Amino acid sequence: EENGHHIKRLKRDADEEDAEDQNKKSPKRKIVLLMAYSGKGYHGMQRNVGSSQFKTIEDDLVSALVQSGCIPENHGEDMKKMSFQRCARTDKGVSAAGQIVSLKVRLIDDILEKINNHLPSHIRILGLKRVTGGFNSKNKCDARTYSYMLPTFAFAHKDHDVQEEVYRLDKETLEKVNKLLACYKGTHNFHNFTSQKGPRDPSAKRYIMEMYCGEPFVRGNIEFAVIKVKGQSFMMHQIRKMIGLVIAIVKGYAAESIIERSWGEEKVDVPKAPGLGLVLERVHFEKYNRRFGNDGLHEPLEWTEEEEKIAVFKEQYIYPTIVNTEREEKSMVNWLSTLSIHDFNSSAVEIQANNKNSKNSSDLEGSDGCDDDSD
């Protein structure tokens, strides 16, 4: 019996030595991964451990990290063990061209190729960089840039009978759209652009650096345009509501003065544009780059070499998904038909009374993870 225990102990010691040797060959290091994905069919980026019915981007990512040998299986079950942090918690159906996650992995040979071999084609790891041991992709991020691709008929005035495929955005309307989008620049109280934030909640104040709509272009007979917005951080649904309100004004459902009014304490009924066209374009690490980017040990977190791969991915997976889904499911057309039921002139008292009646249902929407892009 003693001899049996002795043999087992020797075998265990040998296994541990093998594991140690393996780890010495590929020690764990803190890295960031540059990710691109098409969000259709997923319930957002963030993993919900124990809730397998709602598939997320991180479910597929963690599975690929385990299968490729970058992380042990138990780290997949408890993501804190690999110090995992996402830069932005994108919402259901939202895509990304430049998502960043930070984590500790074994730096195995051909690491990117091996991870991508275990991922579906609509999720790709496009780049990898070593970072400082204490790096946290969410906390070290200075700003995020999102884009929102939408069919331009969304800006057609409500009194005009519009044929979706025939409509083309004129110069005057585009100028009006850009004048309204520019109103968002600077620091404002965006409590009306998310759920569960009161007007006196300090975290409802957000800083927007730029917001504009580019020149329109035609895809599959429908004219589209892309709105770009760069901000320090965004709350849940904030970008979609910012765009939704501008559409409501341009279409003639609401007065221009409502933007200014929405930043006051009064409750304003702000419509939320569909999630389909929203894409996380880029995350910015200016402060980190200034401090560590040229220290001789670390690279700056810039992705100029990967820009061509990002552009190809968008053309292959993100833009066709937005265009085809819009054609098939008509998400913008259906949403536009709901604008007439919004009451943009309600008094605060009326809206508060309505909110009290529906408070229980709105509480289910979930918190926004303050200072974590969760649109």
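Is K40 buried, partly exposed or exposed, by relative accessible area? K40 is partly exposed, at 40% relative accessible area, where buried means under 20%, exposed over 50%, and partly exposed in between (1.4 Å probe, protein chains only). The points below set this residue in context.

1. Basis of the model. The structure is a predicted model, in which local features need pLDDT of at least 70 and side-chain atom pairs count only at pLDDT 80 or more, whereas totals for chains, interfaces and linings use all residues. Residues are numbered from 1 along each chain as its sequence is written, and side-chain values use heavy atoms, with hydrogens and water left out.

2. Confidence. The protein chain has an average pLDDT of 86, and 84% of its residues score at least 70; pLDDT is the predictor's confidence in each residue, on a scale from 0 to 100. Helix α5 (residues 171-182) has the highest confidence, at 98, and helix α11 (residues 348-362) the lowest, at a mean of 43. Contact here means heavy atoms within 4.5 Å. Where pLDDT is low, the predicted coordinates should not be read in detail.

3. Overall composition. Eleven helices and ten strands make up the secondary-structure list of the protein chain; helices (H or I, at least four residues) and strands (E, at least two) are DSSP runs numbered from the N terminus. Of the 375 residues, 49% count as buried. Among contacts between residues at least 6 apart in sequence, 78% join residues at least 24 apart.

4. Nonpolar core. The largest nonpolar core holds 103 residues, of which Y184 and I247 touch the most other members. Such a core is a set of buried Ala, Val, Leu, Ile, Met, Phe, Trp, Tyr and Cys residues joined through side-chain atoms within 4.5 Å. Helix α6 (residues 238-250) gives the most to this core, with nine residues. Domain 1 (28-140) and domain 2 (143-347) each supply at least three residues to this core; the domain bounds come from an automatic or database domain assignment. Setting aside residues up to four places away in sequence, I247 touches L150, A154, F155, M332, W335, L336 and L339. In soluble globular proteins, nonpolar side chains tend to be buried together.

5. The K40 salt bridge. The structure holds 16 salt bridges, each defined as a side-chain nitrogen of Lys or Arg within 4 Å of a carboxyl oxygen of Asp or Glu. In one of these, the side chains of K40 and E329 meet at 3.6 Å, N to O. K40 lies in the loop between β1 (28-37) and α2 (57-67) and E329 in helix α9 (residues 307-329), so the pair ties together parts that are 289 residues apart in sequence. E329 is also partly exposed, at 45% relative accessibility.

6. Two further salt bridges. R86 forms a salt bridge with E58, their closest N and O atoms being 2.4 Å apart. This pair links distant parts of the chain, with R86 in strand β2 (residues 85-86) and E58 in helix α2, 28 residues apart. R86 is buried at 10% relative accessible area, and E58 is buried at 0%. E286 forms a salt bridge with K230, with 4.0 Å between the closest N and O atoms. Here the linked parts are helix α8 (residues 286-292), which holds E286, and strand β9 (residues 222-231), which holds K230, 56 residues apart. E286 is partly exposed at 35%, whereas K230 is buried at 17%.

7. Strand β5. Y146 is found in strand β5 (residues 143-151) and is buried, at 0% relative accessibility. An unreviewed UniProt entry places the feature "binding site" at Y146; UniProt positions are given in the numbering used here, feature names are shortened, and annotations may be inferred rather than shown by experiment. Y148 lies in strand β5 and is buried at 1%. Leaving aside neighbours within four places in sequence, the contacts of Y148 include A225, V226, I227, I243 and M332. Y148 and K228 are 80 residues apart in sequence and 6.5 Å apart in space, C-alpha to C-alpha.

8. The loop at L119. L119 is found in the loop between α4 (111-117) and β4 (123-130) and is buried, with a relative accessible area of 8%. Apart from neighbours within four places in sequence, L119 is in contact with D60, L61, A64, R124 and I125. The C-alpha atoms of L119 and S63 are separated by 8.3 Å, the two residues being 56 apart along the chain.
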